[in-house]
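Trainee: Could you take me through this one, a piece at a time?

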Amino acid sequence: MLLAAWNINSLNVRLPRLVGWLEARRPDVVCLQETKIVDAKFPAAEVADAGYAAYFWGQKTYNGVAILVRAGLEASDITPGMPDYADDHKRVLAATVAGIRVICVYVPNGQAVDSEKYRYKLAWCDAAAAYLRDQLTTYPEVAVLGDFNVAPEDRDVHDPVLWEGRIMCSDTERAAFRRFLSAGLVDSFRLFDQPPNTFSWWDYRQLAFPKNRGLRIDHILLSQSLAARCVASGIDRNARKGARPSDHAPVLAELRDG
DNA sequence: ATGGCAATGTTTCATTGA
């Protein structure tokens, strides 16, 4: 089973790129963030033509999440949002697929350390940690996929000195990320040796992508049960190339049959 | 030290992202 997460930064703009990628890679489950599209306008027919059922929870302009499930797989128990956290932003969507509780997350950006949006990010992460702990007690197999807006360690940052203490790299955000792990999750990317300087996001400006000045902020976290089944993980840098890319590349994790 | 790019709707700028 191939799992993927991709911050698509406008599904409307990126639909042709997404469809081409789905047809090339044939992942089983794809979690999308920043779809920026209301449910009534979600391109479900185009996604179905590519061979995927779509479950989505969107809004205009900002945020919006979706889970795509390859035809032939069943999805059930679709759950938008976090039950105990009221949020105007559509950032969480869960579904059960092939016995796996798949949770698509779009963690707030936080804008700048100590800003109002930063405080919202930290409060949101507290709620998410509680939600994930609850999901891990309810479901034996949990995968949390998405844009976490946190680079967990200095090796996930192209220039750790430049980024030290800044948004996505601050100690407080990294501690919040570690609380997701201590809830009972494993960063699938680090289950294997990886090439140095592997990132999932690059700024659109200043030739950041060709210079590989990026951060690894998109992650696939697996419960212990699923980590034991994980045989490969990585980031599809090629999907960031070409005209009108998302600023994020898809992250992937492959599980053997359980 | 700052902005630099891209998407969106409030559209020919302001806001947000990361």
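This is a predicted model: local features need pLDDT of at least 70, side-chain atom pairs count only at pLDDT 80 or more; totals for chains, interfaces and linings use all residues.

Mentor: Residues are numbered from 1 along each chain as its sequence is written, while chains are lettered from A and ligands numbered from 1 in the order in which they are written.

Trainee: Which strands stand at the edges of the open sheet of 6 strands?

Mentor: Pairing takes at least two DSSP bridges between two strands, and strands are DSSP runs (E, at least two residues) numbered from the N terminus. The order reads 5-6-7-8-12-9, with mixed pairing. An edge strand has a single partner, so one side lacks a neighbour in the sheet; that goes for strand 5 (75-80) and strand 9 (185-187).

Trainee: What is the bridge partner of Thr79?

Mentor: Strand 5 runs antiparallel to strand 6 (residues 92-97), with 4 bridges joining them. In strand 6, the partner of Thr79 is Ala94.

Trainee: How are helix 3 and helix 5 oriented to each other, roughly parallel or roughly perpendicular?

Mentor: Helices are DSSP runs too (H or I, at least four residues). With axes as lines fitted to C-alpha atoms over the stretch in contact, and angles running from 0 to 180 degrees between N-to-C directions, helix 3 (residues 116-138) and helix 5 (residues 171-182) come within 9 Å and cross at roughly 10°. Angles under 35 degrees count as roughly parallel, over 145 as roughly antiparallel, 65 to 115 as roughly perpendicular and the rest as oblique. The two helices are therefore roughly parallel.

Trainee: Which residues come nearest to DNA strand B?

Mentor: Near means a C-beta atom, placed from the backbone, within 6 Å. Of the 23 residues around DNA strand B, the nearest are Ser10, Lys60, Asn109, Tyr204 and Arg205.
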